[in-house]
Amino acid sequence: MANISTSSLAAFSRRWVAVSAVALIVAAASGARSAGPRFYPDDPLWVDDDRAFDASKTVEIEDTNGYDFVVNTFGHPGERRDVRAMNVNTVDEVPDSTWFTNRIGRRDLTIADLVKGPDIVDRVSLDGWVVSAGKPSGRQPGFRMTDPRGQLYQIEVDPPSNPEMASGAEIIGTAFYHAFGYHVVDVYLAELDRQALVLAENATIRDPLNGHRRRLRRSDLDLVFDRAARMPNGRYRVLVSRFAPGRPLGNFRYSGTRPDDPNDIVAHEHRRELRGARVFGAWLNHDDSRGVNSLDMLEISNGRGAIRHYMFDFGSILGSGTVFAQRHRAGNEYIFESRPGWLTLATLGAYIRPWMRIDYPDVPRSVGRFEADAFDPEKWKPEYPNPAFDNMRPDDAFWGARIVSRFTDEMIGAIVKKAQYSDPRATAFMTQALIKRRDKVLSTWLNQVCPVVDPKVLADGTLTFGNAAVDVRAATPADRYGLQWFRFDNATDTRTPIGERQTVTAATGRAPAGLLGAGDYVGVSITAEHPQHPGWMRPATFFFRRAGGEWTLVGVERG
Amino acid sequence: MLRISAVALLLGLAVAAPAFPQEPATRAEADRQRRAAKNDNLKPYEPGGFERAMHFVEERGVFILGREGFYPKIGSLTTGSGFAYGVGYRDRDLFDKVAVLDLWAATSLRRYWAAEARLSLPRLANNHVMAEAWAGRRDYPREHFFGLGPRAARGDETSFAIRSDLFGGRAAVRPLSILMAGAALEHLSPDLGAGKDPRVPSIEERFTTATAPGLGESIDFLRSTAFLEVDYREPKNAREGGWYRVDLSRFSDRNNRQHSFTRVDTDLRQFVGLLAGRRVLAARLFLSTSNADDGATMPFYLMPTLGGNDTLRGFREYRFRGPHALLLQGEYRWEIWSGLDGALFYDAGKVADRRRDLNFSRLERDYGFGFRFNTDEAIVFRVDAGFGSRDGKHLYIVFGGIF
């Protein structure tokens with residue numbers, strides 16, 4: 001009996017060892033697939049290869065205005081979650097991709113660079129161009145023209161009530177959004193002689209009365225010019241937009257991913273450049289920043305397709321409502337917002353929404369309705385909820401605000417001048433309003449997290465860093481900084497505090513003795529104390545990796 | 001045996017391992033593996049039912065209502081007709097977009113009928129001149145008549161049928177964008193009949209030609225009109241500005257001149273916007289006065305009326321009728337949401353048998369509230385509830401606007 005028992009135990013033991021070994025191997029195999037090291041050797045990645053797989057089989061997604069409004073107003077598309085943006089690299093920045101190209105945020109741009117923006121040529125002349133089609137959609141009247149080389153352009157006019165307004169907004173918005181880093185189409189201003197227009201033999205239009213495509217007639221153009229501002233010389237100032245290369249795939253959405261695009265793996269509501277676009281939208285009053293004002297183009301290169309994502313249609317930013325001066329509500333309240341509506345209804349209108357009291361300055365008509373005094377960046381809203389904007393966290397906003405902080409007064413003035421307002425008061429007002437709004441954006445969104453930036457650990461252990469808010473005078477210097485050093489194990493993602501917490505008053509510190517002598521990763525967590533900015537107490541944590549004899553920044557956590 | 005099994009299992013796992021993606025060595029490779037995984041499971045984009053429905057409504061539905069060629073004619077034919085439906089045919093770019101042709105015929109839930117052909121040239125001479133011509137037939141079987149003058153009693157309600165053939169034309173010049181002046185000529189052949197409303201007696205059972213001039217007669221009229229209109233509303237569903245119009249009309253009895261008369265209608269509407277135009281004070285003064293030729297009488301069915309969804313909203317349609325009329329309306333409108341306004345209103349007015357009685361004493365009054373679904377250009381649909389009149393409460397659901 002005892003022998004049997006011993007034998008059974010031995011057999012059980014062997015079986016247990018074997019099963020355990022198998023379980024360990026399986027666990028190791030699966031674990032290895034789900035959790036890699038925190039930092040890979042190629043971190044931080046500055047280019048996201050989101051052209052890796054062929055996307056040429058994607059189909060068009062063309063949302064209608066009503067659908068986009070209803071879904072985003074009464075539904076909750078996408079995921080609303082307080083989670084870090086999912087496409088940032090390890091230093092909390094956005095890599096270049098088909099969505100975004102780091103420009104002013106990462107490198108110095110001259111004023112000439114900014115003003116040039118996406119432009120391919122200095123100016124366009126419409127000589128030799130032919131009218132090739134009507135304009136199928138959009139509020140701004142216009143049509144399409146083709147240049148002698150066959151390149152297609154969209155031509156749009158300003159409303160008679162507000163000459164230069166929509167075209168000016170488009171020019172300014174395009175230059176800014178290009179500098180931010182978004183893909184935009186190049187747009188130009190030109191003068192058009194209505195009498196000299198030549199209609200192409202095969203020009204067609206989708207009849208606005210019945211939707212049927214038919215031959216374009218001169219009377220179709222008359223309808224456009226009936227709703228166009230005419231210049232004193234009898235000509236028309238027009239906006240000329242070059243068609244982006246590739247095959248149109250409709251618009252992108254601010255939530256989810258395209259199910260048929262293999263490269264689109266990050267839910268759009270969790271993309272940093274879409275969340276942070278709220279900052280830019282607020283600054284420039286781009287209340288029309290919604291999915292239907294975006295553009296996806298399929299580009300084929302070396303037999304492989306990839307989608308480039310564009311922001312476009314800036315004709316209703318700033319003080320422009322495209323065909324009228326911007327409404328008072330725009331930027332202040334969604335088109336449909338439950339609570340203020342019910343309050344207004346219940347009180348028979350005695351409840352007054354705050355934006356109704358905004359006193360807009362008396363400005364040239366080309367400016368439309370725009371102001372900076374009542375502007376509150378945090379309260380700014382687009383036309384209806386935007387899932388990516390709703391997900392914007394302080395670290396997303398900080399990213400956007402840092403880009404905004406790169407625009408000097410001179411840069412802003414130069415971009416506004418590109419709009420070629422005939423009234424110098426318009427240029428002056430717009431410039432000053434944008435400067436004032438920029439300062440409010442920076443004061444708001446540079447101070448919600450600890451704004452420590454650009455940390456460097458020198459070989460002798462000296463730490464230096466900057467303060468993004470102080471650097472642009474969005475805050476006074478911190479009373480003191482708190483530093484907690486740690487050693488970092490990249491394989492297990494664990495931090496081991498080293499030394500006591502340090503308190504310094506200047507933007508500099510020193511690594512504890514011995515910390516830099518061993519290991520490949522170290523880090524420091526920094527908080528700042530400022531009586532007006534409690535957000536500065538949210539630590540900013542920086543990770544450094546030994547590379548040769550130096551320590552290079554490899555990771556940033558903020559907020 | 002067990003050992004062999006375990007080894008075999010381990011070997012099997014080892015062999016199977018390459019089926020998993022290899023552990024990425026770089027971030028770029030890790031991202032590529034995620035994309036590869038999605039690439040292996042790509043799904044075609046499938047729009048949902050709601051998305052398809054919205055596409056249909058926005059891409060096709062709008063064209064169904066506003067389409068060229070045949071189109072559904074829906075709405076209202078006249079005050080009190082009830083919801084009307086029918087079919088129309090239009091061509092809005094005749095002669096290279098110079099002219100608009102609109103033909104339609106419709107009936108209503110109350111069995112009103114109408115048909116019309118209209119040719120308009122709305123934008124001649126660079127928008128400075130407009131002209132139009134029309135011909136039509138109206139067949140309204142349940143028009144209400146309570147008697148003439150301010151003392152008409154609700155208990156005297158009757159109905160009558162009126163069928164009218166008409167044709168005419170008008171032309172106008174617009175020297176300024178806010179100013180239009182013009183003239184019109186129209187031939188009318190109204191033909192009266194017994195009312196078809198089963199709830200009330202027909203007009204001839206209670207009234208005579210003495211109390212309802214024109215009753216039982218077939219009279220052809222030639223109406224010639226001159227008008228002046230100033231319109232500086234901003235926008236057309238006004239939140240600011242004004243709309244003023246004066247019509248001087250001569251109705252000539254083409255049969256025996258016993259019913260010829262002259263009429264002047266003045267309609268003044270003023271809008272004051274407050275709080276970014278989200279609150280609007282709207283006021284209207286309407287005055288109509290007529291002069292019958294010596295020895296002639298004015299037919300009751302061509303007299304101005306008060307009562308109904310667009311005049312005195314605390315009263316039934318056409319409750320008051322007389323040769324002279326005065327109407328005062330005031331509204332306080334407040335925007336609840338974009339596209340929906342609330343309104344509090346007050347109406348006062350009277351009809352008079354004599355012009356000297358056209359004053360502000362003994363006005364009929366009502367008040368109420370309403371809701372308006374609107375765009376910048378027009379009120380699309382509204383609900384008004386009128387109270388405070390001597391005729392009790394009235395609820396109006398209307399496809400269309402108010403002043």
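1. Two strands are taken as paired if DSSP finds at least two bridges between them. In this predicted model, strand β13 (residues 480–489) and strand β14 (residues 494–504) of chain A meet that condition, with 8 bridges in the antiparallel sense. Across the pair, A:L483 faces A:Q502 in β14(A). The hairpin formed by β13(A) and β14(A) leaves 4 residues between the strands, and A:D493 there adopts a positive phi near 55 degrees.

2. The domain assignment divides chain A into domain 1 (65–107 + 255–445), domain 2 (113–248) and domain 3 (452–558). Taken over C-alpha atoms, the centres of domain 2 and domain 3 of chain A are separated by 52 Å.

3. As to overall composition, chain A contains 13 helices and 18 strands. Its C-alpha atoms fill a box of roughly 105 × 60 × 60 Å along the principal axes. Of the 559 residues in chain A, 47% are buried. When contacts between residues at least 6 apart in sequence are considered in chain A, 73% of them join residues at least 24 apart.

4. Chain B has 4 helices and 18 strands. Its radius of gyration is 32 Å, whereas a compact globule of 403 residues would have a value near 22 Å. The C-alpha trace of chain B spans about 125 × 50 × 45 Å along its principal axes. Buried residues account for 26% of the 403 residues in chain B. Among chain B contacts between residues at least 6 apart in sequence, 53% link residues at least 24 apart.

5. The largest nonpolar core comprises 126 residues, and those with the most contacts inside it are A:I172, A:V279, A:A401 and A:I526. Helix α4 (residues 165–180) of chain A provides the largest share of this core, 10 residues. A second, separate core has 28 residues, including B:F145, B:F286, B:L326 and B:L327. Returning to A:A401, its contacts beyond four places in sequence are A:V279, A:V441, A:L442, A:W445 and A:L446.

6. A:L318 counts as buried because 28 other C-beta atoms lie within 10 Å, the cut-off being 20 or more. Not counting residues up to four places away in sequence, A:L318 touches A:A169, A:I172, A:L284, A:N285, A:G368, A:F370 and A:M430. A:L318 and A:G173 lie 145 residues apart in sequence, yet their C-alpha atoms are 8.3 Å apart in space.

7. The contact between the chains draws 49 residues from chain B and 49 residues from chain A. On the side of chain B that touches chain A, the elements supplying at least two residues each are α1 (2–16), α2 (27–39), α3 (49–66), β2 (83–93), α4 (94–97), β14 (324–337) and β15 (340–352) of chain B. Of these, α2(B) gives the most, with 9 residues. By class, that side of chain B has 23 nonpolar, 7 polar and 19 charged residues.

Key: Residues are numbered from 1 along each chain as its sequence is written. Chains are lettered from A and ligands numbered from 1 in the order in which they are written. This is a predicted model: local features need pLDDT of at least 70, side-chain atom pairs count only at pLDDT 80 or more; totals for chains, interfaces and linings use all residues. A nonpolar core is a set of buried Ala, Val, Leu, Ile, Met, Phe, Trp, Tyr and Cys residues joined through C-beta atoms within 7 Å. A residue is buried if 20 or more other C-beta atoms lie within 10 Å of its own, exposed if 12 or fewer, and partly exposed in between; C-beta atoms are placed from the backbone. Two residues are in contact if their C-beta atoms, placed from the backbone, lie within 7 Å. The radius of gyration is taken over C-alpha atoms; the globule rule is 2.2 Å times the number of residues to the power 0.38. Ala, Val, Leu, Ile, Met, Phe, Trp, Tyr, Cys and Pro count as nonpolar, Asp, Glu, Lys and Arg as charged, and the others, Gly among them, as polar. Domain bounds come from an automatic or database domain assignment.
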